[in-house]
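Here is a short briefing on a predicted model. It covers helix packing, strand pairing and backbone angles.

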Amino acid sequence: MSWQDYVDHQLIKQGLAHAAFIGDDLAVWASSEGFYLSEAERQAMFDAFKNPYHVYESGLDLAERHFSAVVADDRIIKVTQGKNGAMLVKMKSFIIVGEYGALPPVQAQHFISKVADYLTSAGY
């Protein structure tokens, strides 16, 4: 399965508004249609995992929208913007980003975690 298949079939098809896989070289490996993350935003994601406590103070920008952190550690970051939110999961060499949209956060987080857990068990 390609990275784009994971985005399309395991995340977007489940109801997430947007999703992406961002490589540690800041390349976008796969992304849902219309979900553009600038290079500065991609770098900020990796920086947030290096210093998760800082994201509580500064928040995180995704697709030119500002989100406030509600959970941040060296593996998972959850951010919110009103009724919308997103979850980022740090893998060995990439980050999975999923934006909830209309899905309840718990349901969206389940789908993102399921993909992350599967990829972790596969050595990623």
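**Helix packing and strand hairpins**

Helix H1 (residues 3-12) packs against helix H4 (residues 105-121) at an angle of about 145°, and their axes are 10 Å apart. Axes here are lines fitted to C-alpha atoms, for helices over the stretch in contact, and angles run from 0 to 180 degrees between N-to-C directions. Helices (H or I, at least four residues) and strands (E, at least two) are DSSP runs, numbered from the N terminus.

This is a predicted model: local features need pLDDT of at least 70, side-chain atom pairs count only at pLDDT 80 or more, and totals for chains, interfaces and linings use all residues. Residues are numbered from 1 along each chain as its sequence is written, and side-chain values use heavy atoms, with hydrogens and water left out.

**H1 and H4**

- The H1 and H4 crossing is right-handed (the near helix is turned clockwise from the far one by less than a right angle).
- Trp3, Tyr6, Gln10 and Leu11 of H1 meet Phe111, Ile112, Val115, Tyr118 and Leu119 of H4 (contact means heavy atoms within 4.5 Å).
- By class, this H1 and H4 contact has eight nonpolar residues, one polar and no charged (Ala, Val, Leu, Ile, Met, Phe, Trp, Tyr, Cys and Pro count as nonpolar, Asp, Glu, Lys and Arg as charged, and the others, Gly among them, as polar).

- E4 and strand E5 (residues 76-81) pair antiparallel over four bridges (two strands pair if DSSP finds at least two bridges between them).
- Ala69 has Val79 in E5 as its bridge partner.
- Three residues link E4 to E5 in a hairpin.
- E5 and E6 run antiparallel, joined by six bridges.
- Two residues separate E5 and E6 in their hairpin, and Gly82 in the turn has a positive phi of about 65°.

**Asn84**

- Asn84 lies in strand E6 (residues 84-90) and is the bridge partner of Gln81.
- Asn84 is buried at 15% relative accessibility (buried means under 20% relative accessible area, exposed over 50%, partly exposed in between, with a 1.4 Å probe and protein chains only).
- Beyond its neighbours within four places in sequence, Asn84 contacts Arg65, Phe67, Glu99, Tyr100 and Gly101.

**Positive phi in a loop**

- Most residues other than glycine have a negative phi.
- Ala63 has a positive phi, near 50°, in the loop between strand E3 (60-62) and strand E4 (65-72).
- Glu64, in the loop between E3 and E4, has a positive phi near 65°.
- Ala63 is buried at 17% relative accessible area, whereas Glu64 is exposed at 74%.
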